[in-house]
Amino acid sequence: MSDEPQYNQSYIRAKEQQAAAHRHADGKADSTDRLPPGQTKTSGFPILDLGIRPSLARYPQWILEISGSVRSPAQLTLLQLKQLEGEKITADFHCVTRWSRYDLHWKGIPFQKIIDYAEPSDSAQFVIFHSFDKYTANVPLGELLKPNVIVAYELEANQIPPEHGGPIRMIIPQLYGWKSAKFLTGIEFSEKDKPGFWEVRGYSNRAQPWIEERYSDD
Ligand SMILES: Nc1nc2c(c(=O)[nH]1)N[C@H]1C(S)=C(S)[C@@H](COP(=O)(O)O)O[C@H]1N2
Ligand SMILES: [Mo]
C-alpha cells in the first residue's frame with residue numbers, strides 16, 4: 001500500500017497538464033492595477049485543495065511544529081499560538097487558476113512573531129510549510145517578512161472552516177495562493193530550498209502574481 005493519501009487525482013492531473021502546456025509562456029506584463037495580470041475577479045471564495053481535510057473534531061488537539069534550523073524548536077498548541085497575539089488583516093487572494101478574491105478578513109499571528117519566537121539561524125533562508133494532507137509549500141524567508149503575512153486562525157471573525165484550511169493556515173497575500181498552505185502542521189526553517197507539492201509538478205518556485213510567475217521554466 002502506498003502511503004500517499006487518497007488525493008483528488010484528476011484535479012492534480014489537470015493542473016499538471018496546465019503547467020506542462022504553458023511552460024515558458026509566463027507573461028511578464030506589469031500591472032499597477034489591483035488585479036494582477038491574467039486574473040479575473042470573483043465574488044465567491046472557491047475551495048481548492050487535494051480533497052483531504054481535517055474534521056472540526058481535530059481542532060482542539062491541533063499542534064503546530066516549529067522545526068529545522070532554529071534556536072527554539074517547538075510544538076505549539078492552538079492556545080499557545082494565539083498567545084503570540086494575532087492581528088487582523090484584510091487581503092486579496094490570487095489563485096494561479098486565474099481567480100482573484102478581494103477583501104478577505106483574516107486574523108492571525110504575523111510571521112515576524114514566529115521568527116522572533118523560533119530564532120532561526122542566519123543561514124536559514126527558506127521556510128517549508130507542512131500540512132495535514134502532506135502538502136508542502138516552500139517560500140523564501142524574505143517573502144515572509146512582508147506586510148500581512150500571517151499564520152491565520154480566523155476568517156471573517158470565525159474559526160477557519162476546514163474547507164478554507166482550518167484550524168490554521170498560512171496567508172501570504174503577495175504570492176499565488178498555492179504558497180498559502182492550508183491545515184498547517186509544521187513550519188520548517190531550512191538552509192536549503194525544498195520545492196513543494198506544486199513546485200515539483202510544473203509550477204513556479206517564486207509564484208509572484210504581479211509578474212505572472214505561474215509555471216516553472218525547466
Ligand atoms: N494543505 C494544502 N494547502 C493548500 C492547498 C492544498 O491542496 N493543500 N492548495 C493550495 C491552492 S492551489 C490554493 S489556490 C489555496 C486555496 O485556498 P482556499 O481553498 O481557501 O481558496 O490553498 C493552497 N493551500
Ligand atoms: Mo491554487
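**View 1. The β2-β3 hairpin of the predicted model.** Strand β2 (residues 63-68) is joined to β3 by four bridges, and the two strands run antiparallel. A hairpin of five residues connects β2 to β3.

View 2. The strands follow one another in the order β3-β2-β11-β6-β7, and their pairing is mixed. At the edges are β3 (74-77) and β7 (136-140), each of which pairs on one side only. From one strand to the next, the twist averages 20 degrees. Helix α3 lies across β2, β3, β6 and β11 (184-190), and runs at about 65 degrees to β11.

View 3. The structure holds 15 aromatic pairs. The ring centres of Phe-93 and Trp-99 are 5.5 Å apart and their planes meet at 10 degrees, so this pair is stacked; Phe-93 and Trp-99 are both buried. Phe-111 and Phe-129 form an edge-to-face pair, with 6.0 Å from centre to centre and 75 degrees between the planes. That pair links distant parts of the chain, since Phe-111 belongs to helix α3 (residues 111-118) and Phe-129 to strand β6 (residues 126-131), 18 residues apart. Phe-111 and Phe-129 are likewise buried.

**View 4. An aromatic cluster, and arginines placed over rings.** Ring pairs link Tyr-7, Tyr-11, Tyr-135, Tyr-176, Trp-178, Phe-197, Trp-198, Tyr-203 and Tyr-215 into a cluster. Phe-197, one of the members of this cluster, has Arg-201 over its face, at 3.7 Å from the ring centre. In another such arrangement, the charged end of Arg-34 sits over the ring of Tyr-102, 4.0 Å from the centre of that ring.

**View 5. The surroundings of Gln-159.** Gln-159 lies in strand β9 (residues 158-159). Its relative accessible area is 48%, so Gln-159 counts as partly exposed. When its neighbours within four places in sequence are left aside, Gln-159 is in contact with Leu-56, Tyr-59 and Tyr-153. Leu-56 and Gln-159 are 103 residues apart along the chain, and their C-alpha atoms are separated by 10.0 Å.

**View 6. The protein chain as a whole, for orientation.** The protein chain contains three helices and 11 strands, which follow the pattern α-β-β-β-α-β-β-α-β-β-β-β-β-β when read along the sequence. For 218 residues a compact globule would have a radius of gyration near 17 Å, and the protein chain, with 17 Å, agrees with this. Its C-alpha atoms fill a box of roughly 45 × 40 × 40 Å, taken along the principal axes. Of the 218 residues, 50% count as buried. Among contacts between residues at least 6 apart in sequence, 72% join residues at least 24 apart.

Key
Residues numbered from 1 in each chain as written. Chains lettered and ligands numbered in written order. Predicted model: local features only at pLDDT ≥ 70, side-chain atom pairs only at ≥ 80, totals over all residues. Heavy atoms only, no water. Phe/Tyr/Trp six-rings, centres within 6.5 Å; stacked < 30°, edge-to-face > 60°. Buried < 20%, exposed > 50% of the residue type's maximum accessible area, 1.4 Å probe, protein only. Lys NZ or Arg CZ within 6 Å of the ring centre and 35° of its normal. Pairing = 2+ DSSP bridges. Axes fitted to C-alpha atoms, helices over the stretch in contact; angles between N-to-C directions. Contact = heavy atoms within 4.5 Å. Rg over C-alpha atoms; globule rule 2.2 N^0.38 Å.
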